[in-house]
Amino acid sequence: MDEILDFFRGKEARRSRRAFSRVGWAMTAFLALQVAAQYPLLFLVQALAPQWLDYPATAYLLAAAATYGVAFPASLLILRSLPGRAPERRERPRPAAMASLWLLCMGTVYLSNMVGLWLVDGLGAALGHEIQDPVDSMGELPLGVSVLVSCILAPVAEELLFRKGLIDRLRGWGEGFAAVASALLFALAHGNIYQIPYAFAVGFVLGAIYLRTGRVGCTVLLHGGVNMVSALLLPLSQRLGEPGTLALALLVLWAIAWAISWVFGRRQILARELPRAGWGDGETWGHFLVNPGATLFILAALWVVVRYLSL
């Protein structure tokens, strides 16, 4: 009992819970406004141009407008009320280094996606029905719309919120903790079991790159480059037929091999540097998870995931 009381008492414990709760409220606002902001936009379209609703891309664009025009700015405004400390800006990575990091990010996505697919197959078998991948529906969108949202709007907004916005405000508890916590929130914000595993993995890698370079512009470019594979390269490869499909498959295999070799090639450096990152102790993680804002967001995100599984 005394240990539980000690967990909640103390000036530092209260400071941590207040800060983490504010982060949770920002994430909860992001989750809620993605849905709530669509209704007035839909009302305007129905009132002013109902014929637009006949186009498949309209609903997707309304969701994008609510997400990137309302939910992300509101979440950033809430986060800005917390003090933040950006990592030191270092020399901009050269093109060859950016290409290497792009392959690392892409390889991380596909490796973790394999784990996600195994998880989804197991859940689908347990539930007795196939679980739909939301990314599949993007193949029905016009190419320009898909590229605009996936390769420009999403990378800019998500990197400003989940990398710069969150990491700047969490790194006071340890850079490793900030990278993992921001990646966890990034994964849960996707709201479906297909994307959670690879969103967490690539979110952690992008967080580490931001902490290393201090340049969110680099992570925006890398994020856009990763999304470009499914939003642009995949449709183009399908139009080219078998040669295009083969070329894209070879690129993915190269990225996976590059990610594995990158980690093994730097294992001694990683073994030396990782323990110094500050990953947060049990008390820190307890304060991060057990507070009004974060607890509400996590429960809401898990409800969205469970609801998606039942569709």
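**Figure 1. Burial across the predicted chain.** Buried residues account for 46% of the 311 residues in the chain. The model is predicted.

**Figure 2. Helices and overall fold.** The chain holds 13 helices and zero strands. Its pattern along the sequence reads α-α-α-α-α-α-α-α-α-α-α-α-α. Among contacts with a separation of 6 or more, 82% join residues 24 or more positions apart.

**Figure 3. Dimensions of the chain.** The radius of gyration is 20 Å. A compact globule with 311 residues would have a value near 19 Å, so the chain agrees with that expectation. Along the principal axes, the C-alpha atoms fill a box of roughly 65 × 55 × 45 Å.

**Figure 4. Charged side chains.** The chain carries 25 positive and 20 negative side chains. The centres of the two sets lie 12 Å apart.

Figure 5. Helix H2 spans residues 11–36 and includes Ala26. Ala26 has 0% relative accessibility, and therefore counts as buried; the cut-off for buried is under 20%. Leaving aside residues up to four places away in sequence, Ala26 touches Ser75, Ile78 and Leu79.

**Figure 6. Ala26 and Gly265.** This view pairs two residues of the chain, Ala26 and Gly265. In sequence, Ala26 and Gly265 are 239 residues apart. In space, the C-alpha atoms of Ala26 and Gly265 are 38 Å apart. Ala26 itself sits in helix H2.

How values were computed:
Residues numbered from 1 in each chain as written. Predicted model: local features only at pLDDT ≥ 70, side-chain atom pairs only at ≥ 80, totals over all residues. Heavy atoms only, no water. Helix = DSSP H or I, 4+ residues; strand = E, 2+ residues; numbered from the N terminus. Rg over C-alpha atoms; globule rule 2.2 N^0.38 Å. Buried < 20%, exposed > 50% of the residue type's maximum accessible area, 1.4 Å probe, protein only. Contact = heavy atoms within 4.5 Å. Lys, Arg positive; Asp, Glu negative; His and termini not counted. Charge placed at Lys NZ, Arg CZ, Asp CG, Glu CD.
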